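Colleague: I would like to learn how to read a few features of a model, taking them one at a time. Could we begin with the charged side chains?

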Amino acid sequence: MAVFVGAVVQGSVGFGLGLVAAPVLTMLDHSLMPTAIQVVNVTLPLFTLAAEWRKVDWRGVVFAVLGRLPGAAIGGVVLVYISVYTRGVFVGVMVLIAVGLTAWAVSVPRNDATIAGAGFFSGITGTATGIGGPPIALVYQHAKGPQIRATLAMVFFLGAAQSLAILGFVGEFSGRAAATGAVLIVPMVLGFLASGPLRRYLDGGKVRTAVLVVAALSAAALIAQSLAT
């Protein structure tokens with residue numbers, strides 16, 4: 001159910017699968033994370049790209065991936081040496097700070113440097129927790145819905161593949177978690193198909209608000225879940 005809802009959100013806004021599903025999967029069985037969600041993360045973008053690949057900001061993708069390379073390496077180190085619960089609190093707090101600054105008049109310019117910086121932080125959080133969407137989404141919040149979804153989809157596809165490789169390198173990739181992720185592709189596909197009507201509604205000028213609300217609520221849930229465990 002968490003993956004289904006997360007796929008509905010990501011299919012509509014451009015990100016949100018990890019934000020919605022990762023806290024639930026962590027709570028149910030933290031040994032599945034982040035491998036299981038990364039298997040889903042590497043699959044869902046293909047559906048978005050099949051429909052909206054013409055809207056990809058390719059220059060932005062290049063700089064986001066360049067920033068993500070060192071970030072993912074740091075995320076691998078974090079994964080090995082910091083507990084899953086500490087990681088959850090850290091990521092949640094960082095996302096809330098970013099959302100707060102953005103919502104209260106701090107404008108994030110979209111240029112090569114900010115995209116690379118967002119890619120760097122996305123690499124850290126995505127590899128360590130499976131939640132890499134907010135940094136990139138906040139930089140692209142003023143773009144049109146199709147461009148946000150298509151660009152984030154390409155970044156997420158390349159980034160999730162990279163993160164899975166790093167998980168294998170640091171010994172955090174397990175066959176059981178990967179198999180669970182493969183099973184979760186089914187509710188992911190159903191969620192993406194269900195996102196169509198919501199996508200058309202949000203494209204009417206409501207994408208920015210949706211991005212901020214999804215990021216804030218999910219970050220708060222992640223913090224609460226981590227502190228309660």
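Modeller: A salt bridge is counted when a side-chain nitrogen of Lys or Arg lies within 4 Å of a carboxyl oxygen of Asp or Glu. Please bear in mind that this is a predicted model, in which local features need pLDDT of at least 70 and side-chain atom pairs count only at pLDDT 80 or more, while totals for chains, interfaces and linings use all residues. Residues are numbered from 1 along each chain as its sequence is written, and side-chain values use heavy atoms, with hydrogens and water left out.

Colleague: How many salt bridges does the count come to by this rule?

Modeller: Side chains of opposite charge can pair when their charged atoms come close. Here the count comes to three salt bridges. In one of them the side chains of Arg-59 and Asp-112 meet at 2.5 Å, N to O. That pair links distant parts of the chain, with Arg-59 in helix H5 (residues 58-81) and Asp-112 in helix H7, 53 residues apart; helices are DSSP runs of H or I with at least four residues, numbered from the N terminus.

Colleague: Which parts does the salt bridge between Arg-176 and Asp-29 tie together?

Modeller: The closest N and O atoms of Arg-176 and Asp-29 are 2.5 Å apart. Arg-176 lies in helix H10 and Asp-29 in the loop between H2 and H3, so the pair ties together parts that are 147 residues apart in sequence.

Colleague: And are Arg-149 and Glu-52 buried or exposed?

Modeller: Buried means under 20% relative accessible area, exposed means over 50%, and partly exposed lies in between, using a 1.4 Å probe and protein chains only. Arg-149 forms a salt bridge with Glu-52, their closest N and O atoms being 2.9 Å apart, and this pair joins helix H9 to helix H4 across 97 residues. Both Arg-149 and Glu-52 are buried, whereas Arg-176 is exposed at a relative accessible area of 52%. Arg-59 also counts as exposed, at 53% relative accessibility, and Asp-112 counts as partly exposed at 25%.

Colleague: How should I read the two sides of a helix, and which residues of helix H11 are buried?

Modeller: An α-helix has 3.6 residues a turn, so residues three or four places apart point the same way. In helix H11 (residues 185-194) the buried residues are Pro-187, Met-188, Gly-191 and Phe-192. They cover an arc of only 140° around the axis, which puts them on the same side of H11; the arc is that of the directions from the helix axis to the C-beta atoms. On the other side of H11, Val-186 and Leu-193 are exposed. The buried residues of H11 pack against several helices, among them H1 (2-13), H4 (44-52) and H12 (196-202), where contact means heavy atoms within 4.5 Å.

Colleague: What volume does the largest cavity have, and which residues lie nearest its centre?

Modeller: On a 1 Å grid over the protein atoms alone, a cavity is a set of points where a 1.4 Å probe fits but cannot get out, and lining residues have an atom within 4 Å of a point. A volume is the space filled by probe spheres set on the points, which are joined across faces, edges and corners. The largest cavity has a volume of about 170 Å³ and is lined by 18 residues, of which Asn-41, Gly-130, Gly-132, Gly-133 and Phe-156 lie nearest its centre. H2 gives the most to this lining, with three residues.

Note on methods: 1 Å grid on protein atoms, 1.4 Å probe; cavity = no way out; pocket = protein on both sides within 12 Å on 5 of 7 lines; lining within 4 Å.
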